Amino acid sequence: MIRNLAPLALISLISSITSTLLPCDSFFCSTHELVIEPTERDYTPVDIRHRNGVTVLKFGRDPEAGREYPDLLPGTKTCGKYTVNRIRAGQQAALREFPWMAIIRYDKMVHPGCIGTLISKRYVLTAAQCARSDWKPYQVRLGEHTVGRDRDCSLKDAKDCAPPVRDYDIESIVEHWNHNASVNTNDTALLRLKSDVTFEDHIQPICLPTTTTLKNIKLEKYIISGWGWNEHYSTNTVLQKATIPLQDNSKCWISGAALDESHLCAGGTTSGGTCMGDIGVPLGGVTRIEGSGPRFVQFGIASRDMQSCGVPGTTIYTKVAYFMDWIRANMEP
């Protein structure tokens, strides 16, 4: 995240220009694979038969017109609790600052992997490209700050430590039925966990734009966080954060195609963006919600980095507000 990786960016550019798929098993190249859109909406669960018997519900249902779905998201008094108010580009996150971050774990070696966000006691929101059955996602890790360290402590106070990380098995995966990786459309998925998450000070759900006001809000700056690749071709060990501005959708492109209302474009000339390993990370911001105070709300899901890592540029995000009805329609008690 927020680093330079020019060689792989060049591969991405050549691939998009020639429309030729390059043979590659890496995470970066997977975002450019051609996905043929389904001709029929087959909602039959598919058992991908790997660790813990995870079942993939291949295509999530579209919301039915006029139908009211149960609200299984936590209320604004529970979600998005956030107290840090000063962030610079390329800065390490504070302990417990982003307690909704979820690292997706796979049977197959996937480096640097994908990120999601905890949105309720049973669901993690992520990009559809992160739910690939051939990668075999089976678990999410919550409460992580420094990768590889079971328990994290504050750099300012060694006695101030968070509880250990928690691993939760995935029960099922719901991928948007019309996801198309070649043009980054409908890049949305839900991971249902096998058991309820116990909320702790280092594990909390993020807020989503559930109201009309939140769906239409425009912030001056947005916050991204993740463990993506650095200039040494390895992941950042410690969770990183940065602030970036929202841009007009014309500042981003997808294989020559324009973005539509289901996308957001963010980044800028003076700030870095996301990188490999940041797919699925949240684009969010703090806003005051009446009756609940300041809350951190997720407005986007990182879908594709448009520049090489560390170079100021833009990133395509899936617009969460556009998919709120889909999210609600595909959540179960």
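1. Let's start with T117. This is a predicted model, and in it T117 counts as buried because its relative accessibility is 0%, where the cut-off for buried is under 20%. As for its place in the fold, T117 belongs to strand β5, which covers residues 114–118.

2. Which side chain does the side chain of T117 meet in a polar contact? The partner is the side chain of Q298, at 2.7 Å.

3. Next, do have a look at the nonpolar packing. The largest nonpolar core has 70 residues, and F98, I119, V140, L190, L208 and I327 have the most contacts inside it. Another core, of 5 residues, lies apart from it, with C252, I254, L259 and I316 among its members.

4. V140 is worth a click of its own. Beyond its neighbours within four places in sequence, V140 is in contact with A102, I103, I104, V124, R166, D167, Y168, I170, L191 and L193.

5. Finally, a word on confidence. The mean pLDDT of the protein is 80, with 75% of its residues at 70 or more. Over residues 2–39 pLDDT stays under 50, and the model has 76 contacts beyond four places in sequence for them. Residues 85–89 also stay under 50, with 12 such contacts in the model.

Methods: Residues numbered from 1 in each chain as written. Heavy atoms only, no water. Helix = DSSP H or I, 4+ residues; strand = E, 2+ residues; numbered from the N terminus. Buried < 20%, exposed > 50% of the residue type's maximum accessible area, 1.4 Å probe, protein only. Polar contact = N/O pair within 3.5 Å; in protein donor to acceptor, adjacent residues only side chain to side chain. Core = buried A, V, L, I, M, F, W, Y, C linked by side-chain atoms within 4.5 Å. Contact = heavy atoms within 4.5 Å. pLDDT = per-residue confidence, 0-100.
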